[in-house]
Amino acid sequence: MVGAITAGLLTVAVATQAQNEVFIVLDDKATIDTIIPALTNGNATALLETDDVYPEDGDGKAALRIDSPAGDNQKFSTNILDWVFQIVENPTADDEFRYITFAWRQEGGAGTQLQLHGQPDTWGHRYHAGINPKGWQPSIEVTTDAPSEWQVFTRDLFDDWKEFVLTGFAFSPGAPEYGLFDHIALHQSEEDPLDTKAVDPKGKVASVWAELKQAVR
Ligand SMILES: [Ca+2]
């Protein structure tokens, strides 16, 4: 009897379709103003940039700027705003995601890095372009080109790192001048949900963390 009930529950879970849920980590002015005070660690300074932004954005007027002249050249937090995201192969719930899209540019260096904090492996989920600025590993080189111009990438987090619980980010340009980050979203289907030319506008369901937290608890 117990076995039959369990099997029934499993069937329901598998039948649940992905909602094409999207969580915008940062993109427009509101999201960047929200994340800046939450980046409590690191020697750099986090600022709102309204001029030099990722040009293909729908909002087109906001990016995160990390002025990074010294020390660890980064801003970070292991648990930004109590975020708890489940990185899984088949995301269905509001807090489950498989893909990340991000854009970045850098002034004054030969490589930049984005680090994702979670469990297991704490900071052991990293992406860099050009040189790995601090040599922090593991890190996936998404391009050999230094990001002197804006670059955008979509990565399959499950393929890259397997399942983990994502709670924080480090914006780590490692540059003597500054790094810019923009157009960052977690998503359930592969297409960049912030692409202004996205073919499936129905997929643009932007989650707000406060609502999402209410839904999952
Ligand atoms: Ca933007």
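Colleague: What pLDDT does the chain average, and what share of the residues score at least 70?

Modeller: This is a predicted model. The chain averages a pLDDT of 88, and 86% of the residues score at least 70.

Colleague: OK, the overall build. How many helices and strands are there?

Modeller: The chain has 4 helices and 14 strands. Of its 217 residues, 40% count as buried.

Colleague: What share of the contacts with a separation of 6 or more comes from residues 24 or more positions apart?

Modeller: They account for 70% of them.

Colleague: Let's go inside. How many residues are in the largest nonpolar core?

Modeller: It has 44 residues. Those with the most contacts inside it are Phe23, Val25, Leu26, Leu64, Phe171, Phe181 and Ala185. Strand E13, residues 178-187, gives the most to this core, with 6 residues.

Colleague: Pick Val25. What does Val25 touch, not counting residues up to four places away in sequence?

Modeller: Phe169, Ile184, Ala185 and Leu186.

Colleague: How many bridges pair strand E8 with E12?

Modeller: There are 7, and the pairing is antiparallel. E8 covers residues 111-119. In this pairing, His117 stands opposite Gly168 in E12.

Colleague: And E4, how many bridges join that strand to E12?

Modeller: E4, residues 75-77, is joined to E12 by 3 bridges, and the two run antiparallel. Phe76 stands opposite Ala170 in E12.

Colleague: What about strand E5, in which sense does it pair with E12?

Modeller: Antiparallel, over 3 bridges. E5 is residues 85-87. Here Phe85 stands opposite Leu166 in E12.

Colleague: New topic, Asn132. Where is Asn132 found?

Modeller: In the loop between strand E9 (122-130) and strand E10 (140-143).

Colleague: Why does Asn132 count as buried?

Modeller: Because Asn132 has 20 C-beta neighbours inside 10 Å. The cut-off for buried is 20 or more.

Colleague: Which residues is Asn132 in contact with, leaving aside neighbours within four places in sequence?

Modeller: Gly111, Gln113 and Ser139.

Colleague: And how far apart in space are Asn132 and Ala110?

Modeller: 8.4 Å, C-alpha to C-alpha. In sequence, Asn132 and Ala110 are 22 residues apart.

How values were computed
Residues numbered from 1 in each chain as written. Predicted model: local features only at pLDDT ≥ 70, side-chain atom pairs only at ≥ 80, totals over all residues. Core = buried A, V, L, I, M, F, W, Y, C linked by C-beta atoms within 7 Å. Buried ≥ 20, exposed ≤ 12 C-beta atoms within 10 Å, placed from the backbone. Contact = placed C-beta atoms within 7 Å. pLDDT = per-residue confidence, 0-100. Pairing = 2+ DSSP bridges.
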